Number of protein chains: 2
Amino acid sequence: MEQRFVDWLRRHVPPVPPPAIGIGDDAAVLPWRAGGDIVLTTDTITDKVDFVLAETEPRLIGHKALGVNLSDLAAMAATPVAALASVVLPRAVSGGGDPCALAMEIYSGMLALAEQFQVALVGGDTNSWEGSLVISVTAIGRVTSRGPLTRSGALPGDRVLVTGRLGGSLLGRHLAVEPRVREAVLLAERYELHAGLDISDGLALDASRLAGASGCGIALELAAIPISAAAEQLARQTGKSPLEHALGDGEDFELLFTAPPDAAEQIVRDQPLSISVTDVGQCIGTPGLWQVGDSGALNPLAPTGYQH
Amino acid sequence: MEQRFVDWLRRHVPPVPPPAIGIGDDAAVLPWRAGGDIVLTTDTITDKVDFVLAETEPRLIGHKALGVNLSDLAAMAATPVAALASVVLPRAVSGGGDPCALAMEIYSGMLALAEQFQVALVGGDTNSWEGSLVISVTAIGRVTSRGPLTRSGALPGDRVLVTGRLGGSLLGRHLAVEPRVREAVLLAERYELHAGLDISDGLALDASRLAGASGCGIALELAAIPISAAAEQLARQTGKSPLEHALGDGEDFELLFTAPPDAAEQIVRDQPLSISVTDVGQCIGTPGLWQVGDSGALNPLAPTGYQH
């Protein structure tokens, strides 16, 4: 359904005049006269899809609701400024809880993260209904003087890099989102980057999306992919390999970006972040997602990941 | 629950430095350097609370989802610029429908209204789940050179005015929202207004909220309240009076605003809109909501309306 609907949207939503950016990237960009670009993103999380209320500390759910939106701003190399939250509470909280107490715990989680990133919570809407918990957050940010980092700027020859280590987010990371806001801004200000996004649906799927948006292909060097300890741990339970988890798990909320070879080499040498930056492959002229074999030959790689 | 939670939010959400406006008005206001103020609002509508999917044309639901947000911008006398929509679709559409077709119809309704008000749909997030339909929209606007029209600027002596006719929205108006965007901007640009909001929860309740935010009281002249044909019609079914419907029904999405007596008189004389503007009472120094009796004496008036 998703792709059919996305295609329909492309045909029916009037395009915005450049330099504005509409639907299709991690966030929208609106020029605001002499004030500079506004970056806007919205993301909704729902019970039993993005979290399980009955098994989760509500503060963590609030943290995730804001965190995934800050991660979308990071994907554009934007600094968060403000956020608005809509919370739809279940009237009957399982275990006989009080919807009002639940709302306060959710907001506590959001507010703690907001404080950490100096985001002002400026608006909201709180309602209750017979259904399950839904939290929708909109976040607003500013780009660096380099402008927004889009999905569509990658060029054949670019190196492909990722922050941190990937896979196994189900063991906790998917809730305890660490949006790479400071990391993205630092990289975008200090180095020449061409394209970027946050890995929300899996390295393989998101890499194929970035390649598609840029009109190129991406060849990943599988042996170079940084695998998280959680991916190793999860692999012992699932029978999948740690690499499969790193490629397809999603909700890593790490950055995937491309840079020309010189800049990429510099970044890897400098290691300017408190987390690792790893070169995992190259943009190529042939569309699609590929893996680089031992001999250097390219073989197709499945864009595994979370399909909404 | 609502008031307890609102009080909690007031204590826990850090206030934004003026001239920014945070939680508590119809929309938030963020100064954006030399670009001028950004006005931001978010509102979520849910199945069986704000509409009944099984009985409603999905286009109308999309229309309402965007319309209530544009009405919140109108309440601040802001011109809409852009919007983002998050739609959470039921996996099983009643009657065996297709979630993707449902999404397209909802968006068709939003896009038609967006075109009418020259709002760019710049972002979104569409997901499905086991629950019922939820649509969350965030709208972004610009204020006039007069600045935002807040709830808190009313002064004792101001006249209280409303646009259009009130009550009976349940008969259709609550879905076919007509956001008073052009009306609000015209009034704010041409006349001195002190405070305003959109009537979403009922004239009486919203008037008492405006009074509370402004630290004054409001005395309504009940005989002056413009009653809609729908309120008359609904009253024949409910046993309530048309006036009770006009006071307490909510979802009129008309404007309630205050102006100093000279400006108010001018507006009523000019009738500058394609809909009526009616003087319905006065701001007074004594807090609370009042009705003006035949002899001019004030009696308390219940703030009837929709409590979330």
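Two residues count as being in contact if their C-beta atoms, placed from the backbone, lie within 7 Å.

The model shown in these views is predicted, so that local features need pLDDT of at least 70 and side-chain atom pairs count only at pLDDT 80 or more, while totals for chains, interfaces and linings use all residues. Residues are numbered from 1 along each chain as its sequence is written, and chains are lettered from A and ligands numbered from 1 in the order in which they are written.

**View 1. The interface of chains A and B and the axis that relates them.** Of the interface residues of chain B, 100% are also interface residues in chain A, so the copies meet through the same surface. Chain B is superposed on chain A by a rotation of 180° with 0.0 Å of shift along its axis, at an RMSD of 0.0 Å, which is the relation of a two-fold axis. In chain B, the C-alpha nearest this axis belongs to G35(B), at 1.8 Å from it. The superposition is by least squares on the C-alpha atoms of residues with pLDDT of at least 70 in both copies.

**View 2. The open sheet of chain B.** Five strands form an open sheet with mixed pairing, in the order β1-β2-β5-β3-β4 (chain B); strands (E, at least two residues) and helices (H or I, at least four) are DSSP runs numbered from the N terminus, and two strands pair if DSSP finds at least two bridges between them. At the edges stand β1 (28-31) and β4 (120-129) of chain B, each with a single partner strand, so one side of each is left without a neighbour in the sheet. From one strand to the next, the twist averages 20°.

**View 3. The pairing of β3 and β5 in chain B, with the helices on the sheet.** Strand β3 (residues 78-90) and strand β5 (residues 134-143) of chain B pair in the antiparallel sense over 10 bridges, and V88(B) has V134(B) in β5(B) as its bridge partner. Helix α3 (residues 99-116) of chain B packs on the sheet, where it touches β3, β4 and β5 of chain B, and its direction makes about 170° with that of β3(B). Axes are lines fitted to C-alpha atoms, for helices over the stretch in contact, and angles run from 0 to 180 degrees between N-to-C directions. Helix α2 (residues 58-75) of chain B lies across β2 (37-46), β3 and β5 of chain B, running at about 145° to β2(B).

**View 4. The pairing of β2 and β5 in chain A.** Strand β2 (residues 37-46) and strand β5 (residues 134-143) of chain A pair in the antiparallel sense over 8 bridges, and the bridge partner of V39(A) in β5(A) is G141(A).
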